[in-house]
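Hi,

Here is the structure I promised to pass on. Have a look at it first, and then read on for what turned up in it.

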Amino acid sequence: MCGRFAASRKPEDLNLLFGVEKWETTETLEQDWNVAPTKEVYAVLERPVKDADDRRPVRQLRTLKWGLVPSWSKTPEGAARMINARSETVHEKPSFRNAFAQRRCILPADGYYEWVTGAEERQLEEKKGKKRARKQPYFVTPADGSVFAMAGLYEFWRDPTLPGDHGNAWWVTCSVITTEAETTPLAVAPAEGPAALADIHPRMPLMLTPDRWDAWLDPTRTGLDELRALLEPPPGGLMRAYPVATAVSNVRNNGPELLEELAAPEEATLF
C-alpha cells in the first residue's frame, strides 16, 4: 500500500523533469517529508487548459488532494479511505474505472514509508489479541536518487452545497495505484532486516519508469488492453530501503531529518 510518502522536490525541478507546459505559481506547495492522506500533493497530468481555444491536452503541474472522491459521490467523507487503487482491479472498480480510462496522473515523490511489525510484537498481538504491534518504519526510494514517479488517478467532484462560482465548489482529488511488492532483492538492502520489498509489506506503489510517462499521461489512450499493459511493474532491483526513526509515524513531525538512515532498526527484534 501507500499511506505516507515524502515529496521535497521543488516545482521548478518537477517542471523541467516532466516537461511541464503549464503551472500556476499560486499552487506552490511547501516541501513535505511526511505526506499523509487528505494533504495536497503535486501531480503531473495532461488535459486541455480551461477556457482555452486550443483544446489539445497540455502537460500541467497541479495541486490535488490525496484521497479520491468519485464524481458520483454525494459527500467527500470517504476520501481518506480512497488513497490507493489496486492495479489488479482498477479497471473495474466503480470508484476508479472512469478515472483510469481518462484521468491518469503521475505523483512525484522522493520515496514512500512502510512499516514492518516486529516478530515479538506480532506474537504478543496474536496471543493476546489486544496489544498493538510496534512497527519499524522503512523509507523506500530509487537507488540511483531519481524521482519516484507513482502512477496515479485523479477525479473531479462538485460540492452540491456550494454555488458554482465558489472557490471550493470543485474538488480535484487523487489516488495512488499499488501493485504487488517486489520479491527480487533490493538494489541496496539494510545490513539487518528486509532483503526485498515484499519482506516489508505485500503491496507497494506502482512506480513508472520514464519510458512510460508519456503513454501513461496521454488522455487519448483509452483502450483497456493498452492501458492495462502500462500497469506492469518496473524491473526489479531498482530500489533501496532503509530504517528511519519512528518519529515519522506521527504526522505532526515533518522535516528532512525523517529521511535520515538509522544504523539499525530501533529495536533489535523488529524484523
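A disulfide here is a pair of cysteine sulfur atoms within 2.5 Å. With that cut-off, a search of the whole structure finds zero disulfides. Before the details, two notes on the basis: this is a predicted model, so local features need pLDDT of at least 70 and side-chain atom pairs count only at pLDDT 80 or more, while totals for chains, interfaces and linings use all residues. Residues are numbered from 1 along each chain as its sequence is written, and side-chain values use heavy atoms, with hydrogens and water left out.

**Cysteines**

**The largest pocket**

A pocket is an open set of points on a 1 Å grid over the protein atoms alone, where a 1.4 Å probe fits, with protein on both sides within 12 Å along at least five of seven lines; lining residues have an atom within 4 Å of a point. The largest has a volume of about 820 Å³, volume being the space filled by probe spheres set on the points, which are joined across faces, edges and corners. Its lining has 26 residues, and E27, R62, F156, W170 and V172 lie nearest the centre. By class, ten lining residues are nonpolar, six polar and ten charged (Ala, Val, Leu, Ile, Met, Phe, Trp, Tyr, Cys and Pro count as nonpolar, Asp, Glu, Lys and Arg as charged, and the others, Gly among them, as polar). Strand β5 (58-66) is among the elements that supply at least two lining residues, and gives the most, with six. Strands are DSSP runs of E with at least two residues, helices runs of H or I with at least four, numbered from the N terminus.

**Cores**

A nonpolar core is a set of buried Ala, Val, Leu, Ile, Met, Phe, Trp, Tyr and Cys residues joined through side-chain atoms within 4.5 Å. In the largest, which has 30 residues, F5, W66, L107, Y112, M150 and L197 touch the most other members. Elements giving it two or more residues include β5, β10 (148-158) and β13 (239-243). A second, separate core has 29 residues, F100, L206, W213 and L231 among them.

**Individual residues**

A151 sits in strand β10 and is buried, with a relative accessible area of 0%. Leaving out residues up to four places away in sequence, its contacts (heavy atoms within 4.5 Å) include C105, L206 and W216. A151 and C105 are 46 residues apart in sequence, yet 6.4 Å apart in space, C-alpha to C-alpha.

A241 is in strand β13 and is buried at 2%. With the sequence neighbours up to four places away again left out, A241 touches Y138, F139 and I200, among others.

Finally, a backbone point: T38 has a positive phi of about 80° although it is not a glycine. Most residues other than glycine have a negative phi. T38 lies in the loop between β3 (32-35) and β4 and is partly exposed, at 40%.

Best wishes

Definitions and conventions: Buried means under 20% relative accessible area, exposed over 50%, partly exposed in between (1.4 Å probe, protein chains only).
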